[in-house]
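Q: I'm new to this one and would like to learn how to read it. Can you walk me through it, feature by feature?

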Amino acid sequence: MTMQAKQSITQPLTEADNQPLDADASRSLQELARQVIEKNIVHAQRRFFLEEQMKLIQQELGMAKDDRSADSDMFRERLQHLTMPKATRLAIAEEMRKFAVLTPGSTEFTQARNYLEWLTALPWGRYSQDLLDVGYARAILDREHCGLDDVKQRIIEFLAVGSYKGELPGANLLLVGAPGVGKSSIGKAIAQALGRKFYHISVGGLRDEADINGARRVMPGAMPGKFMQALKDCDVANPVIMIDEVDKIAACYQGDPAAALLEVLDPDRNTTFHDHFLGVEFDLSRVLFICTASQLYSVPGTLLDRMEIIRLVGYITEEKLAIAREHLWPKQLAKAGVKGSKLKISDAALRQVIEDYAREAGVRGLDKRLGRIVRKAVVKLLAGARSPLRIGPGDLEEYLGSPVFHAEKPMSGVGVVTGLAWTASGGVTLPVEASVINRKKTGFKLTGKLGDVMRESAEIAYSYVSAHTQELQGKSDFFDHSFIHVHMPEGAIPKDGPSAGVTMAVALLSLAREEAIKPVLAMTGELTLTGQVLRVGGIREKVIAARRGRIRELILPMDNRSDYLELPDYVRAGMHIHFVKHFKEIVALVFSGRRTRGRTPRQIAAQ
């Protein structure tokens with residue numbers, strides 16, 4: 001090709017070039033294009049033949065293998081280090097025979113390779129050595145987690161059995177508690193204490209059961225379930241797997257993941273767990289499963305039956321103070337890259353942050369508030385503030401704004417009673433107000449965004465008190481000429497449950513007697529039409545809520561006495577509890593001149 005021809009190809013077109021070409025010029029251009037194309041094709045063909053010849057020579061000399069042979073050798077090498085059941089080895093051998101005759105690059109070849117890759121990558125018969133030292137485990141739990149001594153003791157007892165036996169079998173633990181109380185950190189600490197690998201799986205909102213037991217190989221994009229993926233990543237068959245938010249598993253037309261999870265957690269079935277993608281059985285009996293939930297009532301009963309429940313109560317102020325000082329504040333300083341010598345916060349300021357800005361059961365909100373303080377302090381340090389920068393109680397509004405919570409002053413007066421309630425984020429105090437709004441007609445109405453169960457409790461309380469007014473020393477004709485309004489403040493917050501029955505009954509009786517009760521007293525219990533006080537749930541959370549509100553005298557159902565005695569000593573310390581069976585006992589306790597002194601924890605235990 002001449003220089004003029006090359007330039008004619010590469011130079012941009014002009015208006016003159018747009019003129020029609022004559023026949024000779026057209027043939028010359030076509031010949032030029034044909035020569036260029038032929039040259040490129042010849043070069044590509046020559047390169048392809050040389051590369052193929054080089055591959056054949058390397059294979060003859062044993063210097064290289066094709067993709068199929070290399071994969072087959074890799075799978076055979078992996079199988080030499082695995083201890084698997086005979087049925088699984090036969091299934092792999094059959095798949096290897098099919099793989100050997102498939103054409104590389106085909107869809108079937110890719111599917112077979114992916115299947116063999118998964119089967120040979122799982123830790124068949126490979127287990128990590130457990131650290132069965134109870135003292136070391138206790139030290140790890142204390143270092144990684146403050147408070148919750150009763151929970152730690154339960155875990156130590158579980159580990160002690162494995163230490164005594166010489167091996168720790170698989171188990172299913174369910175940690176139940178409000179958000180932020182440390183369920184995930186407890187699970188990580190258990191794995192660290194055992195020397196096992198830790199894997200986290202969240203099943204909140206999970207709808208497809210294929211995420212649990214895998215999708216069948218015929219499905220496009222089929223993959224094993226989450227548990228087989230966890231074992232592959234951990235590379236051992238006895239890790240600690242945390243299954244988070246089991247109370248939020250959803251079910252839809254794609255299946256019921258909770259039912260599929262049952263095969264994983266059932267000790268009688270997980271020795272032969274069958275993943276639909278793998279098509280073979282895998283032994284999960286030595287895996288330690290730690291599940292978490294915020295509430296029990298939404299966890300399927302079939303799963304609860306297979307798990308040992310460990311409750312994590314919320315923290316009191318003293319525990320939050322220790323956690324903030326030892327864990328949260330140093331963590332926030334490290335995150336911001338600030339040395340502790342340049343930024344200091346007093347214990348009084350930490351206590352005020354806890355009481356005025358982060359009063360929830362857990363410490364997640366407290367951690368966020370401390371992070372906000374550190375960030376604003378860093379801005380001051382960059383602006384030239386003198387180091388060390390000290391933060392006291394008087395500086396908190398500058399850093400965090402106005403307090404979110406204010407000191408709870410128990411409401412008092414005729415028709416006003418303080419109850420206790422349980423929520424998903426912990427226990428709360430629940431004031432109840434009752435007032436007469438009309439003397440010309442009878443009846444009552446309820447406000448405060450109450451659920452159906454709580455409305456029924458209010459109707460039972462009204463029926464019982466109005467039927468026994470004179471017997472309870474109220475005005476005999478009070479309910480014959482009174483329309484009563486019962487209200488529970490903070491009307492934007494939904495409220496439900498039967499535990500406010502006795503509280504509403506006392507509020508109604510206070511109106512009928514025109515007599516107020518002692519304000520620093522709270523109560524909980526379900527009321528029947530015959531005046532019986534029945535057992536309620538959430539005693540731990542309710543007692544902690546009372547402590548948080550500086551209420552030390554409580555009235556609880558007698559049937560909840562065992563629940564109260566199971567509380568840690570630091571929660572029961574300083575509390576005075578009255579256990580009652582009938583509403584008349586409550587009347588004798590709450591109205592003036594008829595009060596008896598509550599019993600201390602030591603007196604209750606000795607009873």
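**Reading the model, step by step**

A: Let's start with Glu 245, which is partly exposed, with a relative accessible area of 28%. As for the words, buried means under 20% relative accessible area, exposed over 50%, and partly exposed in between (1.4 Å probe, protein chains only). Keep in mind that this is a predicted model, where local features need pLDDT of at least 70, side-chain atom pairs count only at pLDDT 80 or more, and totals for chains, interfaces and linings use all residues. Residues are numbered from 1 along each chain as its sequence is written, and side-chain values use heavy atoms, with hydrogens and water left out.

Q: Where is Glu 245 found?
A: Glu 245 sits in the loop between strand E3 (240-244) and helix H11 (257-265). Helices (H or I, at least four residues) and strands (E, at least two) are DSSP runs, numbered from the N terminus.

Q: What does Glu 245 touch, not counting residues up to four places away in sequence?
A: Contact means heavy atoms within 4.5 Å. By that rule, Glu 245 touches Ser 202, Val 203, Gly 204 and Thr 292.

Q: Is Thr 88 buried or exposed?
A: Thr 88 is buried, at a relative accessible area of 2%. This residue belongs to helix H4 (residues 86-101). Leaving aside neighbours within four places in sequence, Thr 88 is in contact with Trp 124, Val 280 and Glu 281.

Q: Which residues have the most contacts inside the largest nonpolar core?
A: A nonpolar core is a set of buried Ala, Val, Leu, Ile, Met, Phe, Trp, Tyr and Cys residues joined through side-chain atoms within 4.5 Å. The largest has 73 residues, and Trp 329, Leu 343, Ile 373 and Leu 554 have the most contacts inside it. Apart from that core lies another, of 53 residues, including Ala 210 and Val 280. Beyond its neighbours within four places in sequence, Leu 343 has contacts that include Trp 329, Leu 333 and Ile 391.

Q: At what angle do helices H13 and H14 pack?
A: Axes are lines fitted to C-alpha atoms, for helices over the stretch in contact, and angles run from 0 to 180 degrees between N-to-C directions. Helix H13 (residues 317-336) and helix H14 (residues 347-356) pack at about 120°, their axes 10 Å apart. That makes H13 oblique to H14. Angles under 35 degrees count as roughly parallel, over 145 as roughly antiparallel, 65 to 115 as roughly perpendicular and the rest as oblique.

Q: Which residues have a positive phi without being glycine?
A: Glu 514 has a phi of about 55°, and Arg 550 has one near 60°. Glu 514 lies in the loop between helix H18 (501-513) and strand E14 (521-523), while Arg 550 is in the loop between helix H19 (539-548) and strand E17 (553-557). Glu 514 is partly exposed at 47% relative accessibility, whereas Arg 550 is exposed at 55%.
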